[in-house]
Amino acid sequence: MSSEPLLRVENLKTQFFTEAGTVRAVDGISFEVYEGEIVGLVGESGAGKSVASMSLLRLVERPGEIVAGEVTYKGETLFGLEDGPNGDLRKRDEMLSNEEIRTRIRGNEIAVIFQDPMESLNPVFTVGGQLREFIELNRGLSEDEARREAIDMLREVGIPDPEQRYEEYPHQFSGGMRQRVLIAMALACEPSLIIADEPTTALDVTVEGQILDLVDDLQKKYGTSFIWVTHDLGVVAEICDRVNVMYLGEIVEQAPVDELFYDTKHPYTQALLESMPRPDRTVADLEPIEGVMPEAINPPSGCRFHPRCPDARAVCKRVHPEPKVVADADGEPHRAACVKHDVFDVGYDESPPLEGAVDGEGSRRTDEPQSELAANPAGDEPGGDGGE
Amino acid sequence: MAVSSDLRTSEARDADRDGPLLELEGVSKYFGQGSGLFGGLQFDPDTFPPISVDRERVKAVDDVSLEIQPGETLGLVGESGCGKSTLGRTILRLLEPTDGDIYFRGENLADLSGEKLRQKRSEIQMIFQDPQSSLDPRMKVGQIIEEPMRAHGMGDDEGREARAKELLEKVGLDPRHYNRYPHAFSGGQRQRINLARALSVDPDFVVCDEPVSALDVSIQAQVLNTMERLQDEFGLTYLFIAHDLSVIRHISDRVAVMYLGHIVEVAEKEELFENPQHPYTKALLESIPVPDPRESGARGVLEGEVPSPQNPPSGCRFRTRCPQLIAPEAYELTEEEWAHTRAFMRAVKRRTFEPIAAAEMRREFFDDDLPRGDAGEIVRDAIDAIATDTERGGESADERDGWAEATDHLLEPFAEQSICARERPAYDLEPAYGSGEHFAACHRHR
């Protein structure tokens, strides 16, 4: 993992300009994807993980706009801004045009698998026809060749009797089979990177297991890199090599998967892990995170997690932490955006605890929903940007 | 507050405890195909008469028997389409059971109708999955919570309002939000409103249909904790329907696993998760991604897909996918021979491989070692029908016929003759954990 990253994202910001104000859905995130690895993008609904992944391919629609940052893929600039002569920002010259993104990058270099396989397939065309057309257009094959290739791909992703299934329509496929078709479509042009946006969320556990195994096999075979967007830490533990945890538009922790679970450095990640019921052991008491995630329209000052954080102190209200390297994980950096770590050196230890953060179990119960409402009247599903 | 006396405490309820609170006996729910006057009619010009009445019915819930003890939480888990929600609704008589009896405190709900049933509904309530669509957006929260009380003629206006406010506080909301509309609340809070509404008529039994699956993890934990607290406080009995095994493991006392309309296993929570005895339960447990990167347990991925409930497999419904399908007794197959034959039979049935030469097939599926005796003959015949280099397989006009023939050829003597296909299993086992009953519908325990 010493070579150049396949994809480098620096300080990416995507905002939605709505009537109610500017929603800072993605607010300055940086991460890298190296060849052949699966990178997780984890967070609850509204954390901005889907918007972030769509921004990479410039698939953000109005009123949304990428307002800052740089996305570099194999040395090419997918997105980049620079200061213009009058001090305003303008797009960099080497940034790929929409045309180039469409013909060269999307599908051929970077493919996407969406959450809902029914909505991603056109119900009035046969599954095979859609796959064939995709291959025909992107790889410039003749119709017959593309058809053969499409059938091969269907077989590759474990669809039985592919010649027969080629002629069928999406509604004749089960959810798991449709998701296999989308994987076939994503793999058809042998891209170097696949963005998978909650691809198994809508599936049953046994089918999810089948798909995860399939991805694992195909990833080994083709060496494709993945950005795996999910809210499920179980899936993360199973499949990812490195993980980015997002909270309210920002990456709060970035670590290899083992360190994330066994040497957790951010209180949000910790809280998330503790609030989960476990399939592998009986947890007597769940420790929920208090309140709900505030809206990205008017995020809390300082650290955005401080109103819900059990470790919050006065300083957390003032200082906004950027992720910094807080530990070394076998040569790889383990980053966290929490001022309780020494590298931040902003006087966390001396700072008094925030009032009402954690004051006894008794008051928590009745206080919690009120703060929930005060923070945000309809907090769970802002915008519905492809969350659950 | 005079109303508070309505809220019976759990001790008061313990008094009327004897036997199970709810008992299902052979409950079935079938759905007809299509709807409307001509919905069941089929037109087929090739037959005479060309119109027939479609008798095929979807067996969503088929002959389910269960007991739920007062004060416990029974988790009902299964994949989508297994019939768990239908069962929940049938218990409430929101759906008419096709067959069977539902005893609630000894009274058969399946016999009740009209006013009597309506009155009974104050004792059984339901919480739905989608907190958005289960609340009327044009009603204020107060009205929503009071509506069931009004329907059951409980209290006067003032009393109802006082109780609604009390309930808002109990479920962890601010009573001052009595006059707000549902849209002003987040998903987790809406589910709390649902809870308050269900509790308003002071039920004993609540059917919770995926109550937390639409919520984010951190919110999920909040709502689960509230539900547990309310259960203690009001002495409630829950039937908790969910597909998420982690949630089930957290909240249940006992767990029932459902597959294609049948209950396949019932046991106490610890027993079911630590000592599962049905191959389906095992597969389900192995499939869950565990939030632990060091847990690299091999997954016993299930082959194939769930069969149609319209025409479910005979005997054990899981047998068509079961990794431990029992060998038919007629052929004395060794375990290895049977494993090979079983894998080959399923591969042919699902057409998971491309036609290849006979020798190649033998190598791939049987290590060049066909079973002895009659079984070997059957396998050889099937290979002949699909191989590319045999007379029958190679020259067959339509390749598809060969596969269908081979499939029939294999299924009839092997799959259909297995005890799994001939008898419906039902066995009571000794538990390894705890002292409760352990039911498993699997013939390996015969």
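Helices (H or I, at least four residues) and strands (E, at least two) are here DSSP runs, numbered from the N terminus. The exercises below concern a predicted model.

**Exercise 1.** Describe the annotated span of chain A by its extent, its end-to-end separation and its helix and strand content.

*Solution.* Begin with the record: an unreviewed UniProt entry carries the annotation "domain: ABC transporter", which covers residues 7–273 of chain A.

**Exercise 2.** State how chain B is divided into domains, and find the distance between their centres.

*Solution.* Domain 1 of chain B comprises 10–32 + 52–260, while domain 2 comprises 335–417. With the centres taken over C-alpha atoms, domain 1 of chain B and domain 2 of chain B are separated by 50 Å.

**Exercise 3.** Characterise the interface of chain B and chain A, from its extent to its polar pairs and the elements involved.

*Solution.* Count contacts to begin with: 57 residues of chain B touch 59 residues of chain A. The area buried between the two chains is about 5000 Å², with 51% of it on carbon and sulfur atoms. Two salt bridges are counted between chain B and chain A, one of them joining the side chains of Asp161(A) and Arg351(B) at 3.1 Å, N to O. Polar contacts across the interface amount to 18 residue pairs, both residues at pLDDT 80 or more. On the side of chain B that touches chain A, the elements giving two or more residues include α6 (187–199) and α10 (279–287) of chain B, and the largest share, nine residues, comes from α7(B). By residue class, this side of chain B divides into 18 nonpolar, 17 polar and 22 charged residues.

Key. Residues are numbered from 1 along each chain as its sequence is written. Chains are lettered from A and ligands numbered from 1 in the order in which they are written. This is a predicted model: local features need pLDDT of at least 70, side-chain atom pairs count only at pLDDT 80 or more; totals for chains, interfaces and linings use all residues. Side-chain values use heavy atoms; hydrogens and water are left out. Domain bounds come from an automatic or database domain assignment. UniProt positions are given in the numbering used here, feature names are shortened, and annotations may be inferred rather than shown by experiment. Contact means heavy atoms within 4.5 Å. Buried area is the accessible area (1.4 Å probe) that two parts lose on being put together, summed over both. A salt bridge is a side-chain nitrogen of Lys or Arg within 4 Å of a carboxyl oxygen of Asp or Glu. A polar contact is a pair of N or O atoms within 3.5 Å; within protein, one must be able to donate a hydrogen and the other to accept it, and residues adjacent in sequence count only if both atoms are side-chain atoms. Ala, Val, Leu, Ile, Met, Phe, Trp, Tyr, Cys and Pro count as nonpolar, Asp, Glu, Lys and Arg as charged, and the others, Gly among them, as polar.
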